[in-house]
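Please keep the model open while reading.

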Amino acid sequence: MTIRELPFDLYVQILEQLTPLTGSDESIIVLISCLKTNTLLRAAASVSRLWEPHYRARYTICDPAKEQSRKRSTGGDWRLMYFERRRIDLETLEILFKIVMERGDGRLERAREVNTKFSFDAWNVLEMAANCPLPDTFRETGVSDRKPIPPHAVPLRFWAQMLLGAIARSNAVCTWGKLISNDTPQSLELSFACMSSFFVYPPMKVLSQLEELATLCKIYFIKHQIPVDPAEFTNDSAKLKLVCSSICDFLWSCGFEAADGERFHMLQNRFPHLFLTTHQATIPISLVYIFVCIARKMGVTAAPTDFPSRVLAVVSSPHPHVSEFFVDVFGSRTQAILTLHDDIPRFLIQVGIHTNTILPWISSASSTSMLLRASRNVLASVNNFPAGAAAPEVELHTAIYASLMINAIFMNDRRYLLNIIKHINRFLLDLLPVLVDSLTPLLHPYLQEQLTTHCNAIMEDEKEAATTFHPRSALTREVKFFVGMVFKHAAHGYVGYVYGWDPSCAADEDWIREMGVDLLSRGRHQPFYHALDQSGSLRYVAEDNIRATFLEPAHVHRIFTDAPRAGMYFEDLTQVDGRARFLLSPELNAAYPDDEAFGDRWLRQGED
């Protein structure tokens, strides 16, 4: 029986029906299969426009310069561009798996390699890896995932997230560094968005959210018959003020509002990805940032001012007969528009500033000054954190890290640099791409030397760690417990996860004295255990204080949310008769080669 071929155009129309999928290759597999068939179907599957929707669905983030280069080299052929990105995906995953499997300074070099070669081009594949399916133990009841669980899924997710963070933070530091020599009004939107990069949130997503808000604002204006043509309102003071006050009204209609009471000090309303979404009750600088970005997209000349007590926006017009005025976005429910003659002096007097020094407070503020003010707000929020407010420790450290980095870049103060070094163990893959490659060139020479020295010391520590092993056969003193054990602290009651041990206390004398170690029944001459508690805090616990325990289902499901670093050390969890142990990651298995079997025997035999 002879099968007649379909017309070329019909093949193309059929293939156009394939649904672009973000997290699946099903449609792409069909296209690739067609490329391996007869000449006519292969030609149809090679049509560039068929690949565009699949490319756009899968690759939502890219390095803009590399994307332009890719378009030039492929002649804009979406099929060839897709194949190039897939090549980058595969190379990135190969590097990621090496990071998972090895210890030491090698993984730091691999992080640099990914950032240097691919930057944001590696984002989407790393994001998929960071969200790959977890072992059944850690899934919520009733939540299923048909996707296969990759080998070492938990540490794979951890290191993918760390790589994403290194890429985003390196880009943020480079972006801020450009402000040193070229701080223009247009730089505000991107440079402020980069604060969210420290939370592994790419700035282009923030920019997209602001663009969407501006589009919605225009729709709001049309609905309420407010002028949208700059030619109509920029030369008319009353209409310009109407436009600005209406932008404030629009923001309030979207759920944005002035934070009050304890909400004012919440850490989450300091960062764009949060105050644009879940924490819209926010502080003056955040509201002014949103206002200024939308106003500029609407054709209004607006800028923030570094006004005391709270940031305002200053609005001007190219027409000399229209006087500039100020917008108090935070207080706009009471009075949005402020004038230089009637309102600004009163505001200054309220905060104890003489009106003779008015000019610095009413001038357009630079992006640098806004970033520094934002960083001070972050530190103030950490110091005045509301009692009982929930914020994982990782969020606090990330916020502090962002604030320290801003100050290190623009203040060139050694104190900020030293504090960054104290935090870097939580962001280990940042060492080369962020600190050495991105931050060091921005510093004064004497600070460059200090940072290089610190980074080299960390590299040496990592190199030494890679050659350090803890076999139980070499012990001269019994270590009763093991890496991977879940325990409850006998004195303080918190639950922790052991990720290392020393045959005796290895802390310095000051810590031993401060913690009263010698008052314990066995003092310092007993095994001590390195551990994470359930909030992610690092602990060093005497064997006398270790009590076997287990985890409730609700706590199991939150392990990697509340203590992300647990993903570096553990792969799965086994619980038997009120006792629990984690299965070890390749890293801990290499460092403690006997503890997996030791822990398994302990769990099965039920020994205390």
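Is the crossing of helix 13 and helix 15 left-handed or right-handed? The crossing of these two helices is right-handed. The model is predicted.

**Helix 13 and helix 15**

- Helix 13 spans residues 237–253, and helix 15 spans residues 284–297.
- Their axes lie 10 Å apart, at an angle of about 120 degrees.
- That angle makes helix 13 oblique to helix 15.
- On the helix 13 side, the contact uses Cys-244, Ile-247, Cys-248, Phe-250, Leu-251 and Trp-252.
- Helix 15 meets them with Leu-287, Ile-290, Phe-291, Ile-294 and Ala-295.
- By class, the residues of this contact are 11 nonpolar, no polar and no charged.

**Helix 2 and helix 4**

- Helix 2 (residues 26–35) packs against helix 4 (residues 48–58) at about 155 degrees, and the axes are 11 Å apart.
- Helix 2 is therefore roughly antiparallel to helix 4.
- The crossing of helix 2 and helix 4 is left-handed.
- Helix 2 brings Ser-27, Ile-28, Leu-31, Ile-32 and Leu-35 to the contact.
- From helix 4 come Leu-50, Trp-51 and His-54.
- The contact of helix 2 with helix 4 has six nonpolar residues, two polar and no charged.

**Helix 9 and helix 19**

- Helix 9 covers residues 153–179, and helix 19 covers residues 393–411.
- The two pack at an angle of about 35 degrees, with axes 10 Å apart.
- The crossing of helix 9 and helix 19 is right-handed.
- Helix 9 makes the contact through Arg-169, Val-173, Trp-176 and Leu-179.
- The helix 19 partners are Tyr-401, Ala-402, Met-405, Ile-406, Ile-409 and Phe-410.
- This contact of helix 9 with helix 19 divides into nine nonpolar residues, no polar and one charged.

**The second largest pocket**

- The volume of the second largest pocket is about 680 Å³.
- The pocket is lined by 24 residues.
- Closest to its centre are Gly-23, Met-128, Ala-129, Cys-132 and Lys-147.
- Helix 4, helix 6 (78–101) and helix 8 (123–130) are the elements that each give two or more residues to the lining.
- Helix 8 supplies the largest share of the lining, five residues.
- The lining of the second largest pocket has 12 nonpolar, six polar and six charged residues.

Notes: Residues numbered from 1 in each chain as written. Predicted model: local features only at pLDDT ≥ 70, side-chain atom pairs only at ≥ 80, totals over all residues. Heavy atoms only, no water. Axes fitted to C-alpha atoms, helices over the stretch in contact; angles between N-to-C directions. Helix = DSSP H or I, 4+ residues; strand = E, 2+ residues; numbered from the N terminus. Parallel < 35°, antiparallel > 145°, perpendicular 65-115°, else oblique. Left-handed = near helix turned anticlockwise from the far one by under 90°. Contact = heavy atoms within 4.5 Å. Nonpolar A, V, L, I, M, F, W, Y, C, P; charged D, E, K, R; others polar. 1 Å grid on protein atoms, 1.4 Å probe; cavity = no way out; pocket = protein on both sides within 12 Å on 5 of 7 lines; lining within 4 Å. Points joined across faces, edges and corners; volume = space filled by probe spheres on them.
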